[in-house]
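Here's a quick tour of one protein model, going from the overall fold to the packing inside. Have the structure open as you read.

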Amino acid sequence: MRRDRFVLAFLLVAVQLSWCSICLGVPRGTYFTRANDYYSRGRYDDAIKYYGRALKISPDSYRLYNNRGNAYYKKGLYDKAVSDYTRAVKIDPRSAEAYYNRGNAYFRKGLYDKAVSDYDKALTINPRDAEAYYNRGLTHSSCGNYKQAVADYTEAAKLKTGDAETYNSRGNAYSRQGLYDKAIKDYTKAVKIRPRYAEAYIAWGLLSLQRRNLEEALTHFTRAIEIDPGDGTAYANRGNVYFTKGLYDKAISDYTRALEIDPGDYRAFGNRGNACLAEGQYDKAIGDYTRAVKINPKYDRGYNNRGSAHFAKGQYDEAVKDYTVALEINPRYAESYINRGNAHVAAGDSGEAIDDYTQAAELDPSNERAFIGRGNAYYQAGEYGNAIRDYTEALQFNQGDAALHYNRGNLYAFTGDYDNAINDYGEAIRLDPGDASSFNNRGNVYVDKGEYERAIRDYTEAIRLAPRNAQAYYNRAHLYYRRGSFRKAAADLRKSAEINPHYEYARVCLMLALRKVSKEEYEKELGTFRDYVKMEKSDDWIRTISRYYLGLVKEEQVLSEAKKGKDREKNNERLCEAYYYLGEEKLWNKDQKGALIFFQKSIETGSSGLNEYISAQGMIALMKAGKI
């Protein structure tokens, strides 16, 4: 809507009124003439005063009430304007201009039904009033009645040919209805009539941006800027195009220019904050969001996005505070519930997170992020069944989400549903063949199922895709070790330790593999290992095993250390590892009976997810087959 399109009907009848003043012998014409003069010069208070004096002499003049109403309208005193226009139409019910003017005043008051009614009356009296059709069209547009608006703009265009604003406004109404081709046709007409019509270029640019025709939108906004470099709206919208294209530096530059023109544009501050956030300039983003909400304390997106900047900085408490304010302003802001849920998850508060995601899902049942988030929170809380249910719900909206299949695969693996886990990892691989993690984790599930050759193939593919994946080398090494391929195992363990020098398990197992490959290579590695333990301080459980192999602790101390702690499952896993490593030492000292006892105890712990459990199985099989 053009800001000044509402044209007030104003009648200048100074000559006639001067003649009447002579007949009446009173200065009515002088007051009216002076009032009109003051009005034309923008001195509305003086105009109102002199119209009032004229009305004392001629209280039944609809023109005086109409014109004083215009002066009130110009001052933004719409109630007083309506009162005067009402008096005018009461005096002369056939006064089309008074109905029209009152319609304008009602529009400014947001009383759209009354405005339409007055425009209807004006057009009944004067069906060729293009401005009345145009303003009724604007009123229908403001109510969302775009079809009626188009009809009115069309009538206005017939009566006032070559009016660029009418075509631009009809283009906007078409655009709102999704009739984009018709909208573009009207914008084209508007700029053909008025080549320097910046507002039409902006409207056309907004339509192009909405349709993701980014280059076209860029062209239109740039043209608007060339026509009117002082229009901050054009800069702000071009900034939105640059942001959408991922050109954040250019977006920031345009938002900054828009703010130089209009420092009170809180949306420009918010959008510049978004660009800074995307650039990783979190403090600058927070500064912009803070300015935005200071200008408009009800700007829910400003608080939400500032929360996201705090979240990116790891300031989860501050993020929660901002998301909470956004939700106080807009309790139906589903995205803010999701974001606050994410902050709660990051802070380890899965209970609060679940509540937030649930609220988001109720507000927007088709928002997959609500179900993914709640699935993550249930995952964190160890409620794997609920997490699987939520991931499954999320997949209803997006079957092509590889990450969702991967996450659900992990949960199926945790719950022992290996076939479903393999299916999900397989789907994740189909959707994203370059994801090494899916191959690695499917390899783990094949190990749990005892399908070791398939596991080796998956670990090998994971290594091909991610040559720096230390865990995949380590996992494959244990399967090579299990089947007696000790040199291959040693090569993988050495690679794992090279990639992650602080992964002590790989160093320990490398020594065990080299014991079965070459005494010289083992002793050389033992020296390197001794230096590592001396230089690298550690309180991890594996350090107890390392010190055992270096002769610094006894067998009883290893078992005692394994049983420490209040976590029963963790203690059991440590015992599985302890028995295995003690068995390897017995084997090295040629005590096969003692080795078998410890390997068997390792398996009896039931910790089948551990590589040590798998290696213990392998050692027993190799010993029984007489291969070691």
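## Contacts and fold

Take the contacts between residues at least 6 apart in sequence: 49% of them join residues at least 24 apart. Keep in mind that this is a predicted model.

As for secondary structure, the protein comes to 36 helices and 0 strands. Its radius of gyration is 39 Å, while the globule rule gives 25 Å for 628 residues, so the protein is more spread out than a compact globule. You can see that in the C-alpha trace too, which spans about 135 × 40 × 40 Å along its principal axes.

## Inside the protein

Buried residues account for 51% of the 628 residues. The largest nonpolar core has 102 residues, and Tyr581 and Phe599 are the ones with the most contacts inside it. Helix 30, covering residues 504-515, gives the most to this core, with 9 residues. Another core lies apart from it and has 80 residues, among them Ala122, Leu138, Ala173 and Ala183.

So what does Tyr581 touch, not counting residues up to four places away in sequence? Its partners include Tyr505, Val508, Cys509 and Leu512, along with Tyr474. Tyr581 also touches Ile542, Ile545, Tyr548, Tyr549 and Glu612.

## Surface and charge

The accessible surface of the protein comes to about 30000 Å², and 46% of that belongs to carbon and sulfur atoms.

On the charge side, there are 96 positive and 85 negative charges. Their mean positions are 5 Å apart.

Notes. Residues are numbered from 1 along each chain as its sequence is written. This is a predicted model: local features need pLDDT of at least 70, side-chain atom pairs count only at pLDDT 80 or more; totals for chains, interfaces and linings use all residues. Side-chain values use heavy atoms; hydrogens and water are left out. A nonpolar core is a set of buried Ala, Val, Leu, Ile, Met, Phe, Trp, Tyr and Cys residues joined through side-chain atoms within 4.5 Å. Buried means under 20% relative accessible area, exposed over 50%, partly exposed in between (1.4 Å probe, protein chains only). Helices (H or I, at least four residues) and strands (E, at least two) are DSSP runs, numbered from the N terminus. Contact means heavy atoms within 4.5 Å. The radius of gyration is taken over C-alpha atoms; the globule rule is 2.2 Å times the number of residues to the power 0.38. Accessible areas come from the Shrake-Rupley method with a 1.4 Å probe; for residues, only the protein chains shown count as cover. Lys and Arg count as positive and Asp and Glu as negative; His and the chain ends are not counted. The place of a charge is taken as NZ of Lys, CZ of Arg, CG of Asp or CD of Glu.
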